[in-house]
Amino acid sequence: GIGKGSVRNYLLRAVEAVLSLFKDTVFWPGEEERKEIRNRFREKYFFPYCVGAVDGTHLGLAFKPELDGEDYWTRKQAYAVSATVVCDDEKKIRYLNVGWPGSVHDQRVWQNSVIAKTPTNFFSDREYVIGDSAYTPTPFLVPAYKKFGGQVVLFAGQVFFNDLLSSLRTN
């Protein structure tokens with residue numbers, strides 16, 4: 001029962017309010033805080049030097065975007081925007097990259113993030129984040145193991161590692 005202009009104004013006000021809180025609520029931890037996070041990851045999950053967990057997600061859209069709408073169609077049969085999120089062990093969001101079309105793979109969003117492009121600005125010696133098997137390993141990102149070629153099962157150590165990563169999602 002209201003005009004498009006009013007809806008637009010309300011939307012812009014809401015977005016502005018959320019963005020005004022962003023710098024105070026979503027920020028990469030400094031060196032001292034990363035040290036605390038590393039210690040907690042080591043104690044809870046046996047990952048030394050780990051400072052976060054990365055994962056991709058979709059933020060659903062109610063309608064197909066007018067511009068390049070087909071790019072927003074996901075493998076889950078819905079329109080969405082892709083996002084990459086890095087959380088610490090206490091589930092605090094430490095980094096957020098939103099805005100890629102829903103059809104874009106998690107790895108592509110990650111490799112184009114400021115963290116992946118300039119990791120020395122975010123990590124100290126031996127620090128890294130962990131992720132699921134969608135990601136490619138780098139010195140700063142350790143993904144879960146995945147089966148290759150004709151491999152039928154993972155080795156016991158690989159299964160143990162993947163189970164530890166899975167436990168992060170359930171805790």
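Modeller: Helices (H or I, at least four residues) and strands (E, at least two) are DSSP runs, numbered from the N terminus. The model is predicted, so local features need pLDDT of at least 70 and side-chain atom pairs pLDDT 80 or more, while totals for chains, interfaces and linings use all residues. Residues are numbered from 1 along each chain as its sequence is written, and side-chain values use heavy atoms, without hydrogens and water.

Biologist: Which strands does helix 2 lie across, and at what angle does it run to strand 1?

Modeller: Helix 2 covers residues 31-45 and lies across strand 1 (50-60), strand 3 and strand 4; contact means heavy atoms within 4.5 Å. Axes are lines fitted to C-alpha atoms, for helices over the stretch in contact, and angles run from 0 to 180 degrees between N-to-C directions. The angle to strand 1 is about 90°.

Biologist: In what order do the five strands stand in the open sheet?

Modeller: Two strands pair if DSSP finds at least two bridges between them. The pairing here is mixed, and the order is 3-2-1-4-5.

Biologist: Why is one side of strand 3 and of strand 5 left without a neighbour in the sheet?

Modeller: Strand 3 (93-101) and strand 5 (141-143) stand at the edges of the sheet. One side of each is left open because each has a single partner strand.

Biologist: Which residue of strand 5 is the bridge partner of Gly131?

Modeller: Strand 4 (residues 128-131) runs parallel to strand 5, and three bridges join the two. In strand 5, the partner of Gly131 is Pro143.
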